[in-house]
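Biologist: I am new to reading models like this one. Please pick one part and take me through it closely, from its setting to its neighbours.

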Amino acid sequence: MEQKPKIAFFQCQWCLYAPEDQEWVDTQLPVNIHLIKVPCTGRIDPLFILNAVQGGAEGVVISGCLPEKCHFKEGNLAARRQLAEFSSFLDYVGYDQERVRFVWLDLQDRGRIQRELAEFERKLSKLTPAKTLATRISLNEGGAND
Amino acid sequence: MTELENQIRTEAERLLREGLVDVVVAFRKEDAPLRPQPAFFTRVEDLENLVYDGLCANNLANYLTRFPDETRVGMLVRGCENRSVNALVVEKQHSRENLTLIGIPCTGIIDWRKVVEHTGEDIFGYEDSPDTLTVRARHQTYQLPRQELLHPSCQRCIHPNPLSADILLGEPLPEGDPALIRERVESFEALTRAERSAYFKLEAERCIRCYACREACPMCYCEECFVDHNSPRWTESGTSPAGTHAWHIIRAFHQTGRCTSCGACERACPMDIQMTYLTDKLGKDMWDTYQFETGLDHKTQPPFAAFTLDDKKHFQAGGAQS
């Protein structure tokens, strides 16, 4: 069986309005998807994304709230400006922009996160594996740090 | 002593004598030829050491954050330095009232490494004039064309004139062509992803992590840089590919909407690593997306600090692009 692409999934803790969705994300996420829960998309530093990419993530998903729906009023606005630019900057140095996906969720988007993740995974498996920036050596392979 | 130098000295002397400033930040002659050094003048007697020519390579705005807000600083500024000062004032690193900017239209900074390459022997002295650089070396005197010796960032300079100097010395110069920076970024963007990646790696992996680029940059004034932080450690700290890539990507990204493209980072780099192609790309994006150019005034916040609800129309389901 072919290996599924590794995905880092940054999730704003407020963006999944339906408890079923949150339940699914918390407990039934496929093993190739690594969940990082954040208090708000504004908390996501570009460094987090770079670290995921360097650690071998073939795709990064960022899910957050729509404008005006942010729990902290404007965290998502700040995040969108920075992270959209960062993904295009990563493209500039050779990491495909298609591999960074934003999902801005609204109140009625029940069940959408599952569809988005599945669709993104299909898209990633069609792309050729990206290893250009996956340069981190893990600790058990003699790397400098984790 | 050139006419311009004389004018700078006169102005600096006046500011110090009248007590309008506590310190004048400018350049001083150094024993090593080709390398005038930044200097802080607090006494009128010291001003005889003040020099100014095309080999003054540092961005003096870098030293602004050394002084507390109350210190009245007089500073020699060229076009790029003036914009850096403006960007620092926006970020509340110094109050504009306590600043006196002595502006000089800049004809470009000469890359001393190019001079050494051209002559290839010990250099004893030099004279800078508008068109040629006269270099006295051990065996002969060289007349080098100034335009060829300029640092690449200065060849692409858009605003050679200080935009908001309090005192302007010398004649204003014509504005540069913004297309030069754009063309460079666009030609890099036109390469395939593999080629871009290869070029980035070739440059970044030469890095010895000395952080000279950070120390030379006026906008890198954080007390603790992300690479110095060790609990948690954000990036690998050695010269491994992961460490050098992360440093070059994030250093450049932290300059988004703040870099004035002065090229001080490249001039400081002992490994001759290209860095402005990264920051220029971010600058170009800021202009294309938000019509923002760094340092044109001392009030406008950079785009990453000035988000508004108007961004709403850029949010797209699943899309990264605005």
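Modeller: Let's begin with pLDDT, which is the predictor's confidence in each residue, on a scale from 0 to 100. Chain B has a mean pLDDT of 91, with 97% of its residues at 70 or more. Residues 317-322 of chain B fall below 50, and this stretch has 15 contacts in the model beyond near neighbours in sequence. Where pLDDT is low, the predicted coordinates should not be read in detail. For the complex, the predictor gives an ipTM of 0.91 and a pTM of 0.92.

Residues count from 1 along each chain as its sequence is written, while chains are lettered from A and ligands numbered from 1 in the order in which they are written. This is a predicted model, so local features need pLDDT of at least 70 and side-chain atom pairs count only at pLDDT 80 or more, whereas totals for chains, interfaces and linings use all residues.

Chain A has four helices and four strands (DSSP runs numbered from the N terminus: H or I of at least four residues for helices, E of at least two for strands). From the N terminus on, they follow the order β-α-β-α-β-α-β-α. Buried residues form 47% of the 146 in chain A; buried means that 20 or more other C-beta atoms, placed from the backbone, lie within 10 Å of a residue's own.

Now the helix itself, residues 46-54. Its buried residues are A:Pro46, A:Ile49, A:Leu50, A:Ala52, A:Val53 and A:Gln54. What covers them? The cover includes strand 1 (7-12), strand 3 (59-65) and helix 3 (75-92) of chain A, along with helix 9 (241-253) of chain B. After helix 2 comes A:Gly56, with a positive phi near 105 degrees.

That mention of chain B leads us to the interface. There, 36 residues of chain A are in contact with 35 of chain B, contact meaning C-beta atoms, placed from the backbone, within 7 Å. Helix 2, helix 3 and strand 4 (100-105) of chain A each supply at least two residues of chain A's side. The largest share, twelve residues, comes from helix 3. By class, that side has 18 nonpolar, nine polar and nine charged residues. Here Ala, Val, Leu, Ile, Met, Phe, Trp, Tyr, Cys and Pro count as nonpolar, Asp, Glu, Lys and Arg as charged, and the others, Gly among them, as polar.

Technical notes
A residue is buried if 20 or more other C-beta atoms lie within 10 Å of its own, exposed if 12 or fewer, and partly exposed in between; C-beta atoms are placed from the backbone. Two residues are in contact if their C-beta atoms, placed from the backbone, lie within 7 Å.
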